[in-house]
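Visitor: I am new to this structure and would be grateful for a guided introduction. Might we proceed by question and answer?

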Amino acid sequence: MSEKIKMILDCDPGHDDAVALMVAGSSPKLELLGVTVVAGNQTIDNTVRNALHLVEYLGLDVPVYAGCPLPMVRERKIADDIHGESGLDGPVFPPLQRKAETEHAVNYLVRTLMESEGDIVVVTTGPMTNLAMALRMEPRIAQKIRRIVLMGGSVGYGNVTPAAEFNIWADGEAAQVCFTCGAPVTMVGLDVTRKVLCYPHIVERMGAVGNRAGKLFAELMGHFCRTEKEVFGFDGGPLHDPVTVASLIDPELLTLQDMNVQIEIRAQQSYGRTNCDSFDYLHLPHTAQVAVDIDVERFWDIIEDALRRYDA
């Protein structure tokens, strides 16, 4: 078996972040070094608590680090219309025993990357504030990052404004820092994540796995799919965040296109838009690999396989 891919998951749980964590935590192809948490889907207190509940419930021996409670420049934005008051409405967890590490997530990112051999993939499934702050604090980590794989952005239209996807919109300045830092970037945006809709038969399929992970998946999707239906009219919730982790497990999952991508941080109506030159019209250097298609059946097979690896 080839060497495991070392990764740090920077997240803001979040129902789809929870599934991303489930996939990362059980894959024999990945070595999850740490979970860093940012405000996004909910406040930092909520997202950290949610991350701790998840690693405890799943039995994952991985440290959790609390990160930035606010964006770099703009006011705080949360997605409580989708993820609820807790950020993870639906499941009821036992009383929490796990605690976050005392080290701040930004300091952890700087320390871990600087001590690495340049072999760590940083996966961000929330606003990119923690990673951007780490890059500002110690720019040399850019050369230590094997790749940044983010759930965020869109070649097409957004999901929080007509122009912008939530994670970029919540902290566009942070995304700008990360996209221009010099590290390789893979953008997994709404163009592909809206294709993996968690229809009722998918929820039933994953629940039928029968273990604690399958049960948790079904409980999570009960709330998530209902709010996605209410807000967007989708018959199944798009499972955005796990596509990032799944793409590390299976490099053939996504169709990628090299593009010049620029983050809009100066406009009002289109703040947070990822301007993707998909036709190479501007003849500018390519700054990211952008996901433009996904093998949907392959994706759901990866999710089911990940759930089955957990104990009863």
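**A guided reading**

Guide: In helix 9 (residues 200-207), the buried residues are Ile202, Val203 and Met206. Please keep in mind that this is a predicted model.

Visitor: How are the buried residues of helix 9 arranged around the axis, and which residues are exposed on the other side?

Guide: Ile202, Val203 and Met206 are the buried residues here. Because they cover an arc of only 100° around the axis, they are on the same side of helix 9. The exposed residues on the other side of helix 9 are Pro200, His201 and Glu204.

Visitor: In what order do the eight strands of the open sheet stand?

Guide: The sheet is open and its pairing is mixed. In general, the strands of a sheet pair through backbone hydrogen bonds, either parallel or antiparallel. The eight strands follow the order 3-2-1-4-5-6-12-9.

Visitor: In what sense do strand 1 and strand 4 pair, and which residue is the bridge partner of aspartate 10?

Guide: Strand 1 (residues 5-11) and strand 4 (residues 120-124) are paired in the parallel sense, over five bridges. The bridge partner of aspartate 10 lies in strand 4 and is threonine 124.

Visitor: What angle does helix 4 make with strand 2, and what angle does helix 7 make with strand 6?

Guide: Helix 4 (residues 105-114) packs on the sheet and touches strands 1, 2, 3, 4 and 5. The direction of helix 4 makes about 145° with that of strand 2 (30-37). Helix 7 (residues 172-179) lies across strand 5, strand 6 (185-188) and strand 12 (288-294), and its angle to strand 6 is about 140°.

Visitor: Is asparagine 50 buried or exposed, and which residues does it touch?

Guide: Asparagine 50 has its place in helix 2 (residues 44-58). Its relative accessible area is 3%, under the 20% cut-off, and so asparagine 50 is buried. Leaving aside residues up to four places away in sequence, asparagine 50 touches Pro13, Gly14, Ser86, Gly87 and Leu88.

Visitor: What kind of peptide bond joins proline 13 and glycine 14?

Guide: Glycine 14 lies in the loop between strand 1 and helix 1 (15-26). With omega at about -10°, the bond joining proline 13 and glycine 14 is cis.

Visitor: Is threonine 186 buried or exposed, and which side chain makes a polar contact with its side chain?

Guide: Threonine 186 lies in strand 6. Its relative accessibility is 6%, so threonine 186 counts as buried. Beyond four places away in sequence, the residues it touches include Ile148, Leu256 and Gln289. The polar contact, at 2.9 Å, is with the side chain of arginine 147.

Visitor: What is the relative accessible area of histidine 283, and where is this residue found?

Guide: Histidine 283 is found in the loop between strand 11 and strand 12. Its phi is near 55°, a positive value in a residue other than glycine. Histidine 283 is exposed, because its relative accessible area is 68%.

Key
Residues numbered from 1 in each chain as written. Predicted model: local features only at pLDDT ≥ 70, side-chain atom pairs only at ≥ 80, totals over all residues. Heavy atoms only, no water. Pairing = 2+ DSSP bridges. Helix = DSSP H or I, 4+ residues; strand = E, 2+ residues; numbered from the N terminus. Contact = heavy atoms within 4.5 Å. Axes fitted to C-alpha atoms, helices over the stretch in contact; angles between N-to-C directions. Buried < 20%, exposed > 50% of the residue type's maximum accessible area, 1.4 Å probe, protein only. Polar contact = N/O pair within 3.5 Å; in protein donor to acceptor, adjacent residues only side chain to side chain. Arc of directions from axis to C-beta.
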